Amino acid sequence: MFRKITLAILGFCLFCSGPGFSTDFRPTPEVDLGRVLIVFFSLTGSTQRLARILRLYSEGNLAAIVPSEPYDLESVRSIAKTEITTNYRPPLASPIPTVDDYDLVIIGAPVWFGDIPPPLAAVLDKCDFLGKPVAVFCTFNGSAGDFLSKFRENIKNANIISEGKFSGITRRNNANLNAIALSWLKSIAEAFPKQ
Ligand SMILES: Cc1cc2nc3c(=O)[nH]c(=O)nc-3n(C[C@H](O)[C@H](O)[C@H](O)COP(=O)(O)O)c2cc1C
């Protein structure tokens, strides 16, 4: 009896260590891009809404960029204008995410005066992307301006494989936004076949 149990345990251990078994369990995502980190900044929720849908379809991890001092909605336009023109980098309440453990980093933020918002600039200043594939997206209402070129100027050592521009998020219903997000992820998967 004892011998049978020992053999059963041994058999199970061998099965687990075999080539088809991984203890590193990840649910199968709708679009498989490997391990995905989605970093986003959002003031009024649009970018966050899109980031959450991207997370849902990619089974990625979400990391919000949070400034130590929250922006006041009444005065954000004048404060943001000053911060952008003076290249100010606000201190962040959230730690800078580590990209080492990921196959793909998706970064999203709203367009602020045709530029990247200062909290995103603060992250890009501090972070080395180690040659990782990066997909970037912005949300906006009228024009994305120079957001993408400013992003490219500020990010360090990234292999930018896709750029998404999404306008009028608040006007879109969930089904429409889901479809847009899914289609963008699929286009990334084509540009960046999983290893
Ligand atoms: C300070 C500030 C500046 C903005 N500048 C622009 C702009 O240049 N172009 C534009 O189309 N929308 C602009 N917007 C609108 C936002 O980009 C848009 O509403 C975005 O989707 C908001 O994302 P969020 O809800 O994640 O913060 C601006 C909004 C703010 C608060």
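Analyst: Two strands pair if DSSP finds at least two bridges between them. Helices (H or I, at least four residues) and strands (E, at least two) are DSSP runs, numbered from the N terminus. Keep in mind that this is a predicted model: local features need pLDDT of at least 70, side-chain atom pairs count only at pLDDT 80 or more, and totals for chains, interfaces and linings use all residues. Residues are numbered from 1 along each chain as its sequence is written.

User: What pattern does the protein chain follow along the sequence?
Analyst: The protein chain has six helices and five strands. Read along the sequence, the pattern is α-β-α-β-α-β-α-β-α-β-α.

User: Which strands are the edge strands of the sheet?
Analyst: Five strands make an open sheet with parallel pairing, in the order S2-S1-S3-S4-S5. Neighbouring strands are turned by 20° against each other on average, direction ignored. An edge strand pairs on one side only, and here that goes for S2 (61-64) and S5.

User: How many bridges join S4 to S5?
Analyst: Phe-140 stands opposite Ser-167 in S5. S4 and S5 run parallel, and the number of bridges joining them is eight.

User: At what angle does H6 run to S5?
Analyst: Axes are lines fitted to C-alpha atoms, for helices over the stretch in contact, and angles run from 0 to 180 degrees between N-to-C directions. H6 lies across S4 and S5, and its angle to S5 is about 165°.

User: Which residues does Ile-106 touch, not counting residues up to four places away in sequence?
Analyst: Contact means C-beta atoms, placed from the backbone, within 7 Å. By that test, Ile-106 touches Val-36, Ile-38, Leu-54 and Ala-135.

User: What are the closest residues to the ligand?
Analyst: A residue is near a molecule or strand if its C-beta atom, placed from the backbone, lies within 6 Å of it. H2 (46-58), H3 (76-85) and S4 (133-140) each supply at least two residues of the shell. Of the 22 residues around the ligand, the closest are Ser-42, Thr-44, Ser-46, Thr-47 and Pro-110.

User: Is Asn-87 buried or exposed?
Analyst: Asn-87 is found in the loop between H3 and S3, and has a positive phi of about 55° although it is not a glycine. Because there are 9 other C-beta atoms within 10 Å, Asn-87 counts as exposed.

User: Where does Asn-157 lie?
Analyst: Asn-157 also has a positive phi of about 55° without being a glycine. With 12 other C-beta atoms within 10 Å, Asn-157 is exposed. Its place is the loop between H5 and S5 (159-167).

User: What separates the C-alpha atoms of Arg-89 and Pro-117?
Analyst: Arg-89 is in the loop between H3 and S3, in contact with Pro-118, Ala-121, Ala-122 and Asp-125, leaving aside neighbours within four places in sequence. Arg-89 and Pro-117 are 28 residues apart along the chain, and their C-alpha atoms are separated by 9.4 Å.

Methods
Contact = placed C-beta atoms within 7 Å. Buried ≥ 20, exposed ≤ 12 C-beta atoms within 10 Å, placed from the backbone.
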